[in-house]
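Please examine the sequence and the structure shown below.

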Amino acid sequence: MEDTIDTAPAPDLMTPKEIDAEDGAVRDWFADARLGLFIHWGLYSVAARHEWVRHRERLTDEEYSRYFRHFDPDLLDPAAWAREAKYAGMRYVVLTTKHHEGFCLWDSKLTDYKAPNVCGRDLVAELVDAFRAEGLHIGLYHSLIDWHHPEFPIDGLHPQRDDEVAKAAASARDVTKYADYLHGQVTELLTSYGRIDYLFFDYSYRDHVWGGKGPADWRSAELLDLVRDLQPGILVNDRLGIPGDFLTPEQYQPHASMTLGGRRVAWEACQTFNGSWGYDRDNTDWKSTDLLIRMLVDTVSKGGNLLLNVGPNGRGELEPRALDRLRGVGEWMRLHERSVYGCTDSSFVAPADCRYTQRGNRLYLHVFAWPFRHLHLPGVVGKVEYAQFLHDGSEIEMQVIESEQLAQNMTLGGLPAGTLTLVLPVQPPAVDVPVIELFLS
């Protein structure tokens with residue numbers, strides 16, 4: 001993962017609801033889940049200074065090998081990770097099987113550069129089993145890039161991009177041989193761990209840098225056919241450089257529901273706690289829990305999913321700052337999950353500093369900035385039969401202030417026709433983002 005991505009146009013992109021009836025029920029889970037856990041874990045967790053450390057510091061295979069020799073996740077407890085994800089309200093997980101560094105977390109038969117050869121464990125197997133036991137849908141991330149593979153050509157993203165000696169020595173590398181390896185590893189992943197619900201490829205960059213690689217190099221169409229043959233009903237993202245099942249905005253929040261060619265499409269925002277996907281020990285740029293909740297609400301209010309990332313450390317633990325955020329999100333979700341799961345955007349226009357989500361005849365008003373006493377909802381008079389706080393189920397008084405009413409002393413002036421006014425307490429509820437549940441007539 002990185003902040004800048006190259007996503008090819010996808011005019012034929014499918015959404016989960018457009019899949020044929022046989023696979024539709026399998027894929028509808030994605031639109032209902034709304035919140036997932038992303039896990040970036042690899043040798044870079046030992047370096048502890050961003051998952052692109054090899055690229056950034058132009059490290060050679062020999063220099064990077066020290067992280068392979070010292071990767072020892074002795075404190076890993078897969079069941080504990082799964083419990084934290086479940087408590088946080090995640091409905092699915094996406095685990096990095098191999099990042100751009102080329103190190104594999106599973107027992108691949110196609111390389112020696114893998115976890116079992118250094119720590120004696122198939123980490124993908126352990127983690128998939130643990131998350132599946134908690135009832136989460138299983139997703140796998142797999143990098144199309146591999147800076148360790150001997151046939152992966154050096155290009156403008158490669159750590160040795162400025163090393164003329166290395167480039168000369170690598171001049172005969174054959175990307176077609178690497179593509180065979182890529183397809184072989186994807187086959188291993190999709191035939192070794194049971195049902196896989198989601199595959200996150202990362203990423204095509206044909207026009208991004210010199211020597212960039214795209215669908216022809218990965219043989220993307222062939223690869224996608226292989227994936228769907230091996231795992232019917234699986235969801236695949238949009239980063240093969242050809243149409244996928246959903247869009248993947250990264251490290252930004254779209255301003256509205258996402259469309260292609262004027263047609264709404266499924267999408268998933270992938271976001272970090274602190275700007276780094278992998279464990280970054282000295283990074284202090286952490287998002288607060290209430291900001292993460294507002295990002296989740298903002299995403300669902302625009303019809304999207306949020307994939308929220310953690311970067312475990314080199315010993316296999318989630319650091320305290322990450323646990324604090326996960327548990328904070330989980331506490332909010334415990335009280336407010338029905339304003340998230342199965343919800344989407346609404347045709348009603350929310351007041352300033354608020355977001356609507358909706359599921360059927362339940363309209364959820366998320367209040368980002370607490371007002372004094374009154375909250376005015378345009379266009380809903382006669383359409384709401386009851387209002388309550390979601391966190392405790394307590395009633396909220398509703399008023400209709402006629403448009404011709406004059407403001408005088410303690411009397412509110414008239415409001416635009418169709419405006420419903422909620423009368424709120426001066427003090428906001430003791431939750432990160434208060435939610436008002438409106439029951440529509």
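One aromatic cluster is formed by Trp29, Phe30, Phe38, Tyr92, Tyr141, Tyr198, Phe200, Phe246 and Trp277. Rings of Phe, Tyr and Trp (its six-membered ring) pair if their centres lie within 6.5 Å; planes under 30 degrees apart count as stacked, over 60 as edge-to-face and the rest as tilted. The model is predicted, so local features need pLDDT of at least 70 and side-chain atom pairs count only at pLDDT 80 or more, whereas totals for chains, interfaces and linings use all residues. Residues are numbered from 1 along each chain as its sequence is written, and side-chain values use heavy atoms, with hydrogens and water left out.

The structure holds 27 aromatic pairs. Two of them are tabulated here.

| Pair | Centre to centre | Angle between planes | Class |
|---|---|---|---|
| Phe68 and Tyr113 | 5.3 Å | 20 degrees | stacked |
| Phe152 and Tyr178 | 5.1 Å | 90 degrees | edge-to-face |

Phe68 belongs to helix α4 (residues 61–69) and Tyr113 to the loop between β2 and α6 (116–119), so their pair ties together parts that are 45 residues apart in sequence. Helices (H or I, at least four residues) and strands (E, at least two) are DSSP runs, numbered from the N terminus. Both Phe68 and Tyr113 are buried; buried means under 20% relative accessible area, exposed over 50%, and partly exposed in between (1.4 Å probe, protein chains only).

Phe152 lies in the loop between β3 and α8 (164–169) and Tyr178 in helix α9 (residues 175–192), so this pair ties together parts that are 26 residues apart in sequence. Phe152 is buried, at a relative accessible area of 0%, and Tyr178 is buried with a value of 0%.

An open sheet of seven strands runs in the order β5-β4-β3-β2-β1-β9-β8, with parallel pairing; two strands pair if DSSP finds at least two bridges between them. Its edge strands are β5 (235–236) and β8, each of which pairs on one side only. Strand β4 (residues 198–202) joins β5 in the parallel sense over two bridges, and Leu199 stands opposite Val236 in β5. Helix α7 packs on the sheet, touching β1, β2 (92–98) and β3 (137–143), and its direction makes about 150 degrees with that of β3. Axes are lines fitted to C-alpha atoms, for helices over the stretch in contact, and angles run from 0 to 180 degrees between N-to-C directions.

A second topic is the antiparallel pairing. An open sheet of four strands has the order β10-β11-β16-β13. β10 and β13 (384–389) are at its edges with a single partner strand each, so one side of each is left without a neighbour in the sheet. β10 and β11 pair in the antiparallel sense over six bridges.

The largest nonpolar core has 94 residues, and Leu37, Ile39, Trp41, Met90, Phe131, Phe201 and Trp332 have the most contacts inside it. Such a core is a set of buried Ala, Val, Leu, Ile, Met, Phe, Trp, Tyr and Cys residues joined through side-chain atoms within 4.5 Å. Helix α7 (residues 123–133) gives the most to this core, with seven residues. Apart from it lies another core, of 19 residues, among them Tyr356, Ala387, Leu420 and Leu440.

Helix α12 (residues 289–300) is mostly covered, as nine of its 12 residues are buried. These buried residues pack against elements including β1 (35–39), β8 (268–271) and α13 (320–336), where contact means heavy atoms within 4.5 Å.
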